[in-house]
Amino acid sequence: MTRPTGGPVTPRTRTAGLAAPGTPGTPGRPPSAGPAPAAGPLVLGVRHHGPGSARAVAAALEAGRPKAVLIEGPPEADALVALAADEEMRPPVALLAHAVDDPGRAAFWPMAEFSPEWVALRWALAHGAEVRFVDLPAAHTLAATDPTWGDEDEVAGQGLRVDPIAELAEAAGYDDAERWWEDVVELRGAADPFAPFEALADAMGALREAYGHGGHPRDLVREAHMRIRLRAAQKEFGDDVAVVCGAWHVPALRRASRVTADRALLKGLPKVKTELTWVPWTHRRLARRSGYGAGIDAPGWYAHLFTAPDRPVERWMTKVAGLLREEDLPISSAHVIEAVRLADTLAVLRGRPLPGLGETTDAVTAVMGDGSDVPLGLVRDRLVVGDVLGTVPPGAPAVPLQRDLERLQRALRLKPEAHERELELDLRKDNDAARSRLLHRLRLLGIGWGTPVAGRGSTGTFRESWRLRWEPELHVQVAEAGVWGTTVEAAATAKAASQAAAADDLATVTALAEQCLLAGLGDALPAVLHALADRAALDADVAHLAQALPALARSLRYGDVRATDTTALAEVAAGLAERICVGLPPACTGLDTDAAADMRDRIDAVHTAIALLPDRPAPADAPAGPGEGPAERWGGVLRRLVERERVPGVLRGRAARLLLDEGRLPEGEAARLMGLALSPGTPPADAAAWIEGFVGGASGGGLLLVHDERLLGLVDDWLGAVPAEAFTDVLPLLRRTFAAYEPGVRRTLGELVARGPAAGGSAATAGIPGFAADLDGPRADAVLPLLHLILGTEAAV
């Protein structure tokens with residue numbers, strides 16, 4: 001739809017009452033008091049989450065003293081109105097509606113302290129007025145499947161998004177809708193409390209004449225239901241009724257219509273069974289950038305405008321200074337004074353009635369940030385948006401799972417918070433171990449309150465690091481998870497058992513077993529282990545088995561830390577290890593480059609995992625003598641890989657390196673194998689692959705070359721003998737191998753190669769500071785006391 005042009009009715013002709021103070025013709029003077037409110041019910045058109053609208057609503061209700069207040073919202077919430085008077089109810093909060101049979105289908109109606117709807121609700125409760133919600137019932141809203149019932153900001157079928165605020169701002173000569181709204185509503189004062197509502201109603205009427213009903217089919221249905229609810233209130237209270245709704249709907253509510261026509265619009269709407277409750281909300285979730293359709297850019301700034309009794313700019317700059325001082329920035333009272341002066345000056349130059357967010361932001365950047373945007377980023381995050389989290393009273397309806405979660409949060413002293421924070425857990429402490437189990441159970445249920453992160457917890461098995469942030473959407477996730485059980489433990493157990501039965505691959509079940517041990521779900525383990533044994537018996541792919549074993553080994557380790565019985569899991573892991581040892585050598589032959597690289601990663605993971613596996617007890621009828629444990633069998637597998645010519649060079653080199661690190665391969669034998677791999681008869685690409693497997697990656701290969709002259713000499717001699725035509729082919733592989741070394745290691749290797757072989761067969765590092773030809777025993781022993789202190793162990797006697 002194109003913008004209408006010409007004609008006697010335009011938005012500009014209807015916005016005189018909304019002219020900003022300071023506009024031509026009325027410099028510095030607030031708008032006139034405006035016309036008296038129209039006869040009939042008091043219809044107050046507002047902008048959701050607007051502090052100016054909220055103040056105006058409070059003033060209009062105080063002046064009009066209606067007996068009933070009707071608010072845009074789901075009528076099912078009428079039963080929850082009384083909770084808003086509870087002392088423990090602190091905004092921002094939201095009405096949450098979800099379908100009983102499909103909790104994931106949900107909707108929110110947020111309210112902040114500066115929301116007109118919240119102000120009207122609190123005023124009515126304080127003055128004994130009847131409160132009713134009049135929007136379309138949530139039962140219809142959640143049941144809607146028609147794609148044209150989409151986001152309210154879209155205009156179905158017309159290809160145009162009608163933004164009333166932007167249209168009025170353009171009509172008033174503004175290029176910034178937010179700035180226009182601040183000037184005419186948020187920063188203004190009016191002697192007549194009804195003036196802004198009559199002016200907005202007049203302007204919205206002009207827009208609806210120009211654009212029709214707004215182009216959204218749901219608007220017509222919603223407004224029909226609002227009119228029906230308004231008529232019902234008028235029958236009971238007469239015209240002593242006030243309606244608080246979005247300004248766009250005011251003309252429709254004042255328009256005369258037939259009851260039969262309104263009921264016809266509502267006939268046949270889909271419907272689902274719903275439940276409603278109050279839930280905490282956050283300022284950050286109110287911000288537009290969070291994705292909430294009716295959000296605002298600066299909820300923290302709007303909250304300040306609403307709560308500051310006077311001198312809002314001075315009070316704001318004081319907040320900013322306090323925040324920057326907490327971050328150790330040198331901000332003095334002189335900075336505050338100069339920032340306020342600059343903001344006032346900018347407001348005068350820009351023709352604004354008072355400094356707005358733009359002026360205060362520019363002043364903070366110039367005065368307190370010395371022109372840098374770095375402090376401004378902190379101010380925007382902490383103050384302009386903010387991390388305020390509302391609270392609701394315990395009496396608010398909730399699913400049983402939510403009640404159990406709240407009980408656990410109180411018992412474990414894990415308070416939900418809107419801002420992100422790091423949590424370090426020591427699993428040797430009972431409370432921290434219980435916190436860990438709760439967070440892991442919630443993750444298994446799909447409730448993403450906490451996310452494991454790398455931290456101090458990554459350096460040992462008895463520590464964990466988490467990043468926590470409570471988002472309002474988590475209430476929906478809790479409601480969805482409520483179908484699995486009434487407590488967190490029971491729900492997580494039931495879901496784990498269900499996932500184990502439905503899993504069709506080994507890796508999924510092994511990951512689930514690990515989750516169950518981390519979450520302490522002993523009752524779920526039998527079902528998970530049964531599924532694991534079945535999948536392992538049927539899966540003959542060695543790569544799949546190798547992918548699954550590390551998770552099982554980690555599970556055994558976590559089980560030890562958490563004192564969990566993992567006997568059955570150890571049996572399954574040992575069986576997987578045996579099958580890997582049998583099937584790995586044939587599976588490593590004839591692989592191409594990419595498959596060999598993937599298998600190398602699998603071999604590294606299995607090597608680490610097998611070191612964690614306990615030795616299986618020998619059968620009763622086995623001959624006496626030492627048995628062969630997993631580590632011994634794995635060492636034999638690596639030896640076979642080293643000796644097989646059809647195994648790719650990167651795998652043979654990696655197997656040789658793992659044997660060398662474990663002390664199962666003498667240094668002389670390692671040098672012999674490298675010499676064979678780098679012999680003139682080996683293709684340069686194969687030789688380079690062997691080198692990558694042996695000294696590549698993060699396995700400390702660089703230091704190995706630094707300390708072993710023979711290996712470094714073999715690599716140096718081979719590299720110098722590579723033909724020119726082949727050098728170009730092997731260069732990328734070698735560059736990737738040596739680029740992974742730390743800069744200090746690369747520098748030392750360069751110095752060693754430049755010096756050439758050391759005389760007399762001494763170490764290549766002879767003469768370099770920090771290196772000696774032989775081990776200095778006394779110097780090595782000197783570090784032992786410090787190591788015992790760090791590790792908390794006692795020195796051997």
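User: Is L789 buried or exposed, and why?

Analyst: Keep in mind that this is a predicted model. The idea is to look at relative accessibility, and a residue over 50% is called exposed. L789 comes out at 66%, so it counts as exposed. You'll find L789 in helix α34, which covers residues 784-791.

User: Which residues make up the nonpolar surface patch?

Analyst: L789 is one of them, along with V783, L784, L786, L787, I790 and L791. Together they make a nonpolar patch of about 730 Å².

User: Okay, now a charged one. Where is E198, and is E198 buried or exposed?

Analyst: E198 sits in helix α6, residues 195-211. Buried means under 20% relative accessible area. With 11% relative accessibility, E198 is therefore buried. Its side chain also has a partner: a polar contact of 3.0 Å links E198 to R254.

User: What should I know about salt bridges, and how many salt bridges are there?

Analyst: The general idea is that side chains with opposite charge can pair when their charged atoms come close. Here the count is 36 salt bridges. Take R222 and E72: their side chains form one, at 2.9 Å from N to O. R222 belongs to helix α7 (residues 217-237), while E72 is in the loop between β2 (68-71) and β3 (93-99), so this pair ties together parts 150 residues apart in sequence.

User: Are R222 and E72 buried or exposed?

Analyst: R222 has 3% relative accessibility, so it counts as buried. E72, at 11%, counts as buried too.

User: Which parts does the pair of R441 and E489 tie together?

Analyst: Start with the contact itself: the side chains of R441 and E489 meet in a salt bridge at 4.0 Å, N to O. R441 is in helix α17 (residues 430-444) and E489 is in helix α19 (residues 488-502), so the pair ties together parts that are 48 residues apart in sequence. R441 is buried, because its relative accessible area is 13%. E489 has 40%, so E489 is partly exposed.

How values were computed
Residues numbered from 1 in each chain as written. Predicted model: local features only at pLDDT ≥ 70, side-chain atom pairs only at ≥ 80, totals over all residues. Heavy atoms only, no water. Helix = DSSP H or I, 4+ residues; strand = E, 2+ residues; numbered from the N terminus. Buried < 20%, exposed > 50% of the residue type's maximum accessible area, 1.4 Å probe, protein only. Polar contact = N/O pair within 3.5 Å; in protein donor to acceptor, adjacent residues only side chain to side chain. Patch = residues over 30% accessible without salt bridge, like charges linked within 9 Å, V, L, I, M, F, W, Y side chains within 5 Å. Areas by Shrake-Rupley, 256 points an atom, 1.4 Å probe, with all protein chains shown as cover.
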